[in-house]
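Work through the exercises below with the structure in view. Try each task before reading its solution.

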Amino acid sequence: MNSSLSASVWWRRGIFTLFGILFAFEGLNYIGVLSHKVDYTWFGRLFSTIAIFGILQLFDWLFHNKLSTRLPLAVWTLTGTLLLFDFIGDIFSFYTRWMWYDQVAHFLSGPLVVCSLLITLEAVKTQARWHVPRSMIYTLALGMSTIFAVLYEIEEYLEDYFFQAHRLGDGPDTVNDLMLNFLGGTALLLCVVGYRGVKRG
């Protein structure tokens with residue numbers, strides 16, 4: 001096994017270990033074995049971790065079975081970073097202590113998710129020999145990121161409805177969250193287009 005392959009294997013194991021720790025910690029708090037405080041609910045924390053891990057595993061399975069490769073480690077790393085940022089804000093009460101933390105989290109979700117989707121779609125394009133323009137890849141990435149942001153807001157609504165978590169906020173807050181996600185993703189795409197334009201020139 002060469003050094004680069006060995007490093008990727010260990011990096012993948014590290015990411016899976018992170019998810020395992022989050023699963024265990026959130027699950028034990030959810031069932032009451034541990035009693036750490038959290039800004040919102042342990043159900044929401046556990047659901048987010050399971051949903052993100054499940055989506056990544058699904059894409060990884062599709063890559064492995066349809067394209068004979070694995071989901072790029074960068075995608076695991078970027079989405080794991082976003083999950084960890086949200087976890088830290090929740091467990092250390094940053095969301096309630098600093099009102100701007102929620103704004104930063106939603107803005108960061110845009111570039112992190114869009115970048116993950118760009119890497120994923122570019123990998124599919126290469127492996128499956130898609131003959132589509134890059135503009136299509138950019139549009140798909142931003143559109144899928146927006147859909148994920150909407151689903152997240154729906155999850156917040158359901159968490160409030162069933163657990164009275166007071167997480168969703170009012171209408172303007174929800175629109176602001178979606179706008180920040182969109183702006184963050186758009187900013188990332190503009191940087192990518194600009195970089196490729198300069199590199200090409």
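**Exercise 1.** Find what the backbone nitrogen of S35 lies 3.5 Å from.

Solution. Step 1: start at the backbone nitrogen of S35; a polar atom of the side chain of N29 lies 3.5 Å away. A polar contact is a pair of N or O atoms within 3.5 Å; within protein, one must be able to donate a hydrogen and the other to accept it, and residues adjacent in sequence count only if both atoms are side-chain atoms. This is a predicted model, where local features need pLDDT of at least 70, side-chain atom pairs count only at pLDDT 80 or more, and totals for chains, interfaces and linings use all residues. Residues are numbered from 1 along each chain as its sequence is written, and side-chain values use heavy atoms, with hydrogens and water left out.

Step 2: list the neighbours. Leaving aside residues up to four places away in sequence, N29 touches L34, S35, H36 and W42 (contact means heavy atoms within 4.5 Å).

**Exercise 2.** Decide whether N29 is buried or exposed, and place N29 in the secondary structure.

Solution. Step 1: the relative accessibility of N29 is 6%, so N29 counts as buried (under 20% relative accessible area; exposed is over 50%, partly exposed in between; 1.4 Å probe, protein chains only).

Step 2: N29 sits in helix α1, residues 3–30. Helices (H or I, at least four residues) and strands (E, at least two) are DSSP runs, numbered from the N terminus.

**Exercise 3.** Describe the whole protein.

Solution. Step 1: the protein has 7 helices and 0 strands. Step 2: of its 201 residues, 40% are buried. Step 3: the C-alpha trace spans about 50 × 45 × 25 Å along its principal axes.
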